[in-house]
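Dear colleague,

Please find below the structure that I am handing over to you, followed by a short account of what was found in it.

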Amino acid sequence: MLEVRELNVFRGATHVIKNVSFNVEEGQIAALIGANGAGKSTTLLTLSGLLRPRSGTAVFRPDAQEVDLTSAPSEKIVRAGLIHCPEGRQIFHSMTVRENLEMGAYAQLDQKLVSKTTAEVLELFPILAERSGGMAGSLSGGEQMMLALGRALLAQPKLLLLDEPSLGLAPLVIERIFDVIAELRRRGVTILLIEQNAAMALDLADTAFVMETGSIVLSGSGADLALNDKVRQSYLGGAA
Amino acid sequence: MTQYVFQQVINGLALGSLYALLAIGFSMIYGIVRLINFAHGDLVMIGGFATLALVSAGVPWPVILVFVLCVGAMAGIAIETVVFRPMRGADQVTGFIATLAVSIAIQNSTLMALSGQPRNFSFPAFMRQRIDIAGSSASLTDLTIIGLTLLLIGGLFLIVYRTKMGQAMRATAENLTAARLMGVAVNRTIMTAFAIGSALAAVAGLFWGGKFGQIDPLMGFEPGLKAFVACVIGGVGSIGGAMLGGYILGLAEILFVGLLPQEYSGYRDTFVFLLLIVILLVRPSGLFIRQTEERA
């Protein structure tokens with residue numbers, strides 16, 4: 001569904017992504033793990049068209065379409081179903097919870113589908129229904145993450161890019177978020193997940209990639225990588 | 001005395017309407033692209049001369065109003081696409097200097113084309129009559145300006161707070177990256193903000209010419225600066241703040257001239273810019289924005 005080949009991205013003069021290649025297959029959860037500054041977020045920003053690569057290809061194939069992510073404008077990428085739930089949640093603080101959800105459905109034309117999905121999202125996160133008229137900026141961190149996820153779901157994702165959904169959240173909330181991610185896979189959403197919490201990510205992921213200073217250094221199934229000595233030492237905090 | 005004060009208040013509200021129309025556009029554009037647009041005042045002049053041309057052609061006034069809105073919108077779109085779009089992503093100072101360049105270019109090409117000779121047009125004679133309100137009187141021109149301005153601002157608020165495009169504009173103003181990730185076509189949104197802001201500025205030009213009876217190629221400079229002051233008073237980037245800032249400035253300016261002895265009236269601009277300095281010292285983020293919400 002997503003095919004990235006020899007991608008090179010610069011930020012200013014810094015070579016942030018170096019010859020990165022990977023695939024994400026339809027219906028899977030793929031995890032991208034690695035330390036801070038390894039280039040994970042930059043990879044996602046490039047895939048959603050906010051950064052342009054210096055070289056390489058990135059192709060998104062939902063259904064029969066084919067979208068060239070290195071040249072398509074971001075609004076076209078969104079309409080094709082590649083939805084990016086960004087790091088730090090980035091909800092619209094000065095808008096109400098309802099308006100934030102409406103922004104998620106901004107590119108959707110089918111109003112029936114939008115109301116159906118809105119109902120589903122509010123069922124998934126009842127707190128959002130309760131706070132519907134309140135300002136999004138007044139939500140707690142966990143609630144903001146639920147809003148960011150709900151907003152992304154309203155965009156009808158076929159491939160969902162999740163950047164650090166667990167960052168700064170309480171363990172119980174993290175569990176809730178990961179439950180939802182698993183539920184999304186059951187509903188057929190393909191997911192590319194960035195996580196600092198490598199244990200949880202590998203536990204959930206079908207495939208995983210380890211990124212170090214801009215390159216993918218290891219890849220394999222989530223279960224395999226969870227047993228890999230190097231991964232255990234560097235990212236799982238366990239003794240080999 | 002109360003009658004005199006009442007007249008001064010109406011007068012101040014009329015002037016405030018002009019500042020508000022201008023300040024709102026100024027603020028919208030800043031809010032969405034973080035650009036202090038010093039060419040914004042020149043749209044007043046463009047609106048003034050568009051009105052003059054249409055009046056000379058004998059076009060009826062309601063049609064002129066609509067036309068001037070369109071001319072302003074198109075001028076705004078042209079300036080945005082030709083000058084500001086290619087500079088998107090450049091740093092703020094570069095953008096700021098570019099707006100000064102646009103302003104100077106507009107003023108001087110108009111001077112070359114039309115000469116610096118002031119021109120005039122006036123509203124129809126019946127607009128000059130005075131209407132009695134509760135024992136006092138006010139000019140129909142001022143009342144019309146105030147009424148139409150409130151209508152236009154009401155329409156603007158409907159667009160910004162009740163339409164999908166308005167919601168996209170607010171989203172883009174708050175968080176450009178997130179707006180793009182929602183599928184907002186940012187260039188189109190920015191263009192719309194320029195079109196709306198510039199249309200309002202052009203109508204301010206129509207009102208300005210009708211109220212003061214004279215237009216010239218450099219007329220946009222002073223209202224442009226005053227609109228900037230109004231924005232600072234209200235809090236740059238906030239539409240409601242810009243509107244209130246415009247009215248406060250208009251009222252303050254007129255009451256300063258009207259209530260103090262005559263010999264001070266020449267200092268009205270001094271007063272306005274003193275007000276700017278005081279606001280910048282005391283409440284740099286504006287009267288209507290809480291300090292914590294201050295924008296970067």
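In chain A, the residues Val97(A), Asn100(A), Leu101(A), Met103(A) and Gly104(A) of helix α3(A) are in contact with Leu147(A), Gly150(A), Arg151(A) and Ala152(A) of helix α6(A). By class, the residues of this contact comprise five nonpolar, three polar and one charged. The two helices, α3 (residues 97-104) and α6 (residues 141-153), pack at an angle of about 35°, and their axes are 7 Å apart. The crossing of α3(A) with α6(A) is right-handed. Please note that the model is a predicted one.

Turning to the sheet, chain A has an open one of six strands with mixed pairing, in the order β6-β7-β8-β3-β9-β10. Strands β6 (82-85) and β10 (215-221) are at its edges; each has a single partner strand, so one side of each lacks a neighbour in the sheet. On average, neighbouring strands are turned by 15° against each other, direction ignored.

Within this sheet, β3 (residues 29-34) and β8 (residues 190-195) of chain A run parallel and are joined by five bridges. Ala31(A) has Leu193(A) in β8(A) as its bridge partner. Helix α7(A) packs on the sheet, where it touches β3, β7 and β8 of chain A, and its direction makes about 155° with that of β8(A).

As for the length of α7 (residues 171-186) of chain A, its 16 residues should span 22 Å at 1.5 Å a residue, and the end C-alpha atoms are 23 Å apart, which agrees. Just after α7(A), Gly188(A) has a positive phi of about 95°.

With kind regards

Notes: Residues are numbered from 1 along each chain as its sequence is written. Chains are lettered from A and ligands numbered from 1 in the order in which they are written. This is a predicted model: local features need pLDDT of at least 70, side-chain atom pairs count only at pLDDT 80 or more; totals for chains, interfaces and linings use all residues. Helices (H or I, at least four residues) and strands (E, at least two) are DSSP runs, numbered from the N terminus. The expected span of a helix is 1.5 Å times one less than its number of residues. Two strands pair if DSSP finds at least two bridges between them. Axes are lines fitted to C-alpha atoms, for helices over the stretch in contact, and angles run from 0 to 180 degrees between N-to-C directions. Two residues are in contact if their C-beta atoms, placed from the backbone, lie within 7 Å. A crossing is left-handed if the near helix is turned anticlockwise from the far one by less than a right angle, and right-handed if clockwise. Ala, Val, Leu, Ile, Met, Phe, Trp, Tyr, Cys and Pro count as nonpolar, Asp, Glu, Lys and Arg as charged, and the others, Gly among them, as polar.
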